[in-house]
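Hi,

Here is the structure I promised to pass on.

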Amino acid sequence: MKTKEAANFLKMSSAPFAVAALSSTATNAEVVSPKKRALKKGYMLNTFPQGKNLSMLEKFQMLKDAGFEGVEPNSHSDRDEILQARDKTGLAVASISCGTHTRFFSNPAAGERQKGLDGLLHALRDAKAFGAKSILVVPGGVDEKVSYTENYKRTQEEIRKAVPLAEELGVVMAIENVWNNFLLSPLEAARYVDEFKSPAVGWHFDIGNVISIGWPEHWIRVLGKRIQKLHIKEFSRKKMNEEGLRKGFAVEYLEGDNDWPAVMKALDEIGYEGWCIIEDACGPCKEKISPEAFLKKVSAQLDKILAS
């Protein structure tokens, strides 16, 4: 294991809703040892392993037993169920994903965009109720019917409408880099965020989503303090090239093309001390073992990643 290097804080635009560092212990399948970094382990509920008809409380408890400290529900989740599960297990709500709603922002119809805005405002209020400091926002999408320029303009217009509420609640709208043919470089991503001129807009960085077009460590250094949360995903360029683009995700953690030591070094340099949220995209990996065993396995893998 490499010695931790001194952190080099990049002087970039920052949001005041900084996530506090939290010391804890890292748990893997065999040993318990101190975490190397003050990072928190979360799990995206949309990618929860199937196989059982589990209640929200049962999912929370299973994640806690596996060593996770928080969850990321989606904006369709029942507020009372989330609050009950949070309070009974002690797991935190790290973030809320409202990408399903905010994809409407690319639509040329004002009524459809309004649906997205309504969902965004609802997610902000839920985040406040849950104690989450940010929500995940997908900035529309570009395709043969929606131009890059149109999507840029429409998404910014709709997100700006939610800025007053976000600032009032102290919740950051964190833009995620997804495969929507939009914001394809870290320089452009930083500019997009900065143009809002508000601490209520930041970035939700998905590590695995950029490997097909670049290197996560490069993005981290450019985005710097704009990063509110991380999605931890693995990706294989070999599988992508041989089996198709999305097959790149069908790989176990630590067996893809992420250079985790380089990623962690970049995070150290920008002083990131927030949530690292597992968004497991390896469908076949979940089918081989029970949900309980799968969660314990990826929890142990995340421990190794965070100690890289």
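**Around helix H4**

Helix H4 lies across S5, S6, S7 and strand S8 (172-176), and runs at about 150° to S7. Keep in mind that this is a predicted model.

The strands here belong to an open sheet of nine, paired in parallel in the order S5-S4-S3-S11-S10-S9-S8-S7-S6. Its edges are strand S5 (92-93) and strand S6 (96-97), each pairing on one side only. Two bridges join S6 to strand S7 (residues 134-137), and Ile-96 has Ile-135 as its bridge partner in S7.

Ala-123 counts as buried because its relative accessibility is 0%. Beyond its neighbours within four places in sequence, Ala-123 is in contact with Ser-75, Ile-96, Cys-98 and Ile-135. Ala-123 and Ile-135 are twelve residues apart in sequence, with 7.1 Å between their C-alpha atoms.

Now for the rings. The whole structure holds eleven aromatic pairs. One of them is Tyr-152 with Phe-182, edge-to-face at 5.9 Å centre to centre and 80° between the planes. Tyr-152 lies in helix H5 (residues 148-169) and Phe-182 in the loop between S8 and helix H6 (186-194), so this pair ties together parts 30 residues apart in sequence. Tyr-152 and Phe-182 are both buried.

Lastly, the charged end of Lys-41 sits over the ring of Phe-68, 5.5 Å from its centre.

Cheers

Technical notes. Residues numbered from 1 in each chain as written. Predicted model: local features only at pLDDT ≥ 70, side-chain atom pairs only at ≥ 80, totals over all residues. Heavy atoms only, no water. Buried < 20%, exposed > 50% of the residue type's maximum accessible area, 1.4 Å probe, protein only. Contact = heavy atoms within 4.5 Å. Pairing = 2+ DSSP bridges. Helix = DSSP H or I, 4+ residues; strand = E, 2+ residues; numbered from the N terminus. Axes fitted to C-alpha atoms, helices over the stretch in contact; angles between N-to-C directions. Phe/Tyr/Trp six-rings, centres within 6.5 Å; stacked < 30°, edge-to-face > 60°. Lys NZ or Arg CZ within 6 Å of the ring centre and 35° of its normal.
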